[in-house]
Amino acid sequence: MYKLFAIANNTFKETIRDRILYNILIFAVILIGFSYFLRKLDLLQDPRIVIDLSLACISIFGAIISIFIGIGLVYKEVEKRTIYTILSKPISRPFFLLGKYLGLLMTLLVNVAIMTLVMYLALAFTERGIDLGILRAVFLTYVELMLITMISLFFSCFTTTTLAAIFSLSFYVIGYVTDDLKILGAKSGSYLASQATGLLYQVLPNLNYFNIRGAIVHSLPISLEQILLSTAYGIFYIAIFYTLSIVIFSRKDFK
Amino acid sequence: MTAAIKIEGLSKFFRVGFWGRRVQAITDLSFEVRRGDLFGFLGPNGAGKTTTIKALMGLIFPSGGQAWILGKKAGEVGVRSRVGYLPESPYFYEYLKGLEFLDFYGSLFQIPKKVRVKKAEELLKLVNLEGAADLHLRKYSKGMLQRIGLAQALINDPELVILDEPMTGLDPIGRREIRDVMVRLRNEGKTVFFSTHILSDVEMICDQVGIVNKGKLITTGKLGELLNPRIEYYEISFSRLNPAELEGLKPWVTNTFQDGNLVHVTVPAEEHKDGIISRVQKAGGTIHSVIPHRESLEEYFLRQLNRSG
Ligand SMILES: Nc1ncnc2c1ncn2[C@@H]1O[C@H](COP(=O)(O)OP(=O)(O)OP(=O)(O)O)[C@@H](O)[C@H]1O
Ligand SMILES: [Mg+2]
């Protein structure tokens, strides 16, 4: 447990000081802040624009950050040859991966927290005020980001950073359009296309389950059950991709 | 007691390139390192030293054969708490400071914080980096990284220390310091296994050496026993000998070398040595030195490498 924390903490230290990460974060923060000024325009008086845009920012920039920190994780350790000393200590490979992943989750948490704070800062000046209910949407977005981070980590176990970025990004996009893809495939009339999109739909995680942003923006009711189910769904996929990562990582030669 | 390191028929090939061409890195390697020995693992570039060491540390999986460290299968996680390892040209987390770095590695052994920090300070002193405890590794020189790498390998007070080319990148003083540390560890009863391609590194300090070339073991044993104890040749230097007399020595010497007034000759046969000395003296020459040459490790090495092709 102690060792796990040591690795996680070291990973956190490593990623949190990345300049590129700061740039992404600053960009997101500016956009969220900008949503407040958008509202000033006559057309968009509604405070909902602030929530809508902020939550979208947290999801999209959060995903970019997740992919960015996830893809380099294993590859960088191998490339920089720091992995030799770590793995020569009494640390098993699955344990090492888990520690690294937990470190990334810490980094991610800090980033999401900062974006959320800025959103609340902007909201405080509107009639909606500090509505803590929005945190439910942020929470599910965080679960989604946890999954994306794990998927990036999975790809980083066997491909270069560039390829891992492309694959992870595809995962993110397909995760959102998987419903539409299936419908499209079924409508296409081609047997092959409908089977292929059907398979994608079955196998790949559907990221729409983590998206309750619309309901939150319009203050629609959301059951606790729905949140818990979505969380379980996320953790299930995280476990699957962690297992796959271990299988690949445990057989790897560090040459 | 089991051997500190035991390797049996170890082989490893890598696949390279698009077609997965096989590159044999080590072939059917077998040898043992006894506990308490200071063992030099010697071989030219590309001989397979690093590959062997990585297999011992469980960083790569052998294609054939087996290896044990401290009686446990190589690659087992538990046994690594009793082993220290310095990789070849090491790179470390450069955003950490010297002391922080050692502290981090100590924490991976679950050494309590207090003990860890004390040990880290001790080790920094051992490798002469006391002044660099608060410096980021990013700002370390190559030699300093090599030293902190050694310190890192000793943080858990290991029974077996495996060092891959611990002296590369060090100046002569640094090399000596590392050599002293290795001898000290051996004297404390630890087993030290290190690789190098520099003969003088092993000549002075090793109890045992193993020599590899092109992935195959050429020999192991005590250095003194491996080297030819016989005197190979004499080098005689003299001056003031007339050219005609010098010409007369030719049948018995293999090499003549003129250096100002001094003439150096190489006499391969022991029985001719005294004859030549008296001949030079009779002709009015002055003998300056007579140096017997034993086979050096260098020559032994070349002889073995030539034999193995
Ligand atoms: N990752 C790899 N892929 C392909 N071939 C490799 C790889 N690593 C090593 N080799 C090959 O295996 C052989 C042994 O390499 P190794 O690094 O073990 O040698 P070494 O004795 O450590 O050499 P050096 O003194 O240069 O460090 C070499 O022929 C090398 O080309
Ligand atoms: Mg090497």
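How many residue pairs are in polar contact between chain B and chain A?

1. The model is predicted. Between chain B and chain A, 16 residue pairs are in polar contact, with both residues at pLDDT 80 or more. The side of chain B that touches chain A draws two or more residues from each of two elements, β1 (5–16) and α2 of chain B. Of these, α2(B) gives the most, with four residues.

2. **Make-up of the chain B side.** By class, the side of chain B that touches chain A holds 17 nonpolar residues. Six polar and eight charged residues are also there.

3. **Extent of the interface.** On the chain B side, 31 residues are in contact with 28 residues of chain A. The two chains bury about 2800 Å² between them. Carbon and sulfur atoms account for 58% of that area. Three residues deserve a look on screen: B:Leu59, B:Tyr95 and B:Leu108. Together they supply 23% of the area that chain B buries against chain A, more than any other three residues.

4. **Salt bridges.** Chain B and chain A share two salt bridges. B:Glu100 forms a salt bridge with A:Lys13. The closest N and O atoms of B:Glu100 and A:Lys13 are 3.6 Å apart.

5. **Magnesium site.** Which protein residues are the donors of the magnesium ion (ligand 2)? They are B:Thr50, through OG1, and B:Glu88, through OE. These donors lie 1.9 to 2.3 Å from the ion. The pair links distant parts of the chain, 38 residues apart. B:Thr50 sits in helix α1 (residues 49–56) of chain B. B:Glu88 sits in the loop between β6 (83–86) and α2 (98–107) of chain B.

6. Is B:Thr50 buried or exposed? B:Thr50 has a relative accessible area of 16%, so it counts as buried, the cut-off being under 20%. B:Glu88 is partly exposed, because its relative accessible area of 30% falls between the 20% and 50% limits.

7. **B:Ile211 and its surroundings.** B:Ile211 lies in strand β9 (residues 208–213) of chain B. At 0% relative accessibility, B:Ile211 is buried. Leaving out residues up to four places away in sequence, B:Ile211 touches B:Leu42, B:Lys216, B:Leu217, B:Ile218, B:Thr219, B:Tyr300 and B:Phe301. B:Phe301 is 90 residues from B:Ile211 along the chain. The C-alpha atoms of B:Ile211 and B:Phe301 are separated by 8.4 Å.

How values were computed:
Residues are numbered from 1 along each chain as its sequence is written. Chains are lettered from A and ligands numbered from 1 in the order in which they are written. This is a predicted model: local features need pLDDT of at least 70, side-chain atom pairs count only at pLDDT 80 or more; totals for chains, interfaces and linings use all residues. Side-chain values use heavy atoms; hydrogens and water are left out. Donors are N, O and S atoms within 2.8 Å of the metal (3.2 Å for Na, K and Ca); water is not among the atoms, so sites may look incomplete. Buried means under 20% relative accessible area, exposed over 50%, partly exposed in between (1.4 Å probe, protein chains only). Contact means heavy atoms within 4.5 Å. Buried area is the accessible area (1.4 Å probe) that two parts lose on being put together, summed over both. A salt bridge is a side-chain nitrogen of Lys or Arg within 4 Å of a carboxyl oxygen of Asp or Glu. A polar contact is a pair of N or O atoms within 3.5 Å; within protein, one must be able to donate a hydrogen and the other to accept it, and residues adjacent in sequence count only if both atoms are side-chain atoms. Ala, Val, Leu, Ile, Met, Phe, Trp, Tyr, Cys and Pro count as nonpolar, Asp, Glu, Lys and Arg as charged, and the others, Gly among them, as polar.
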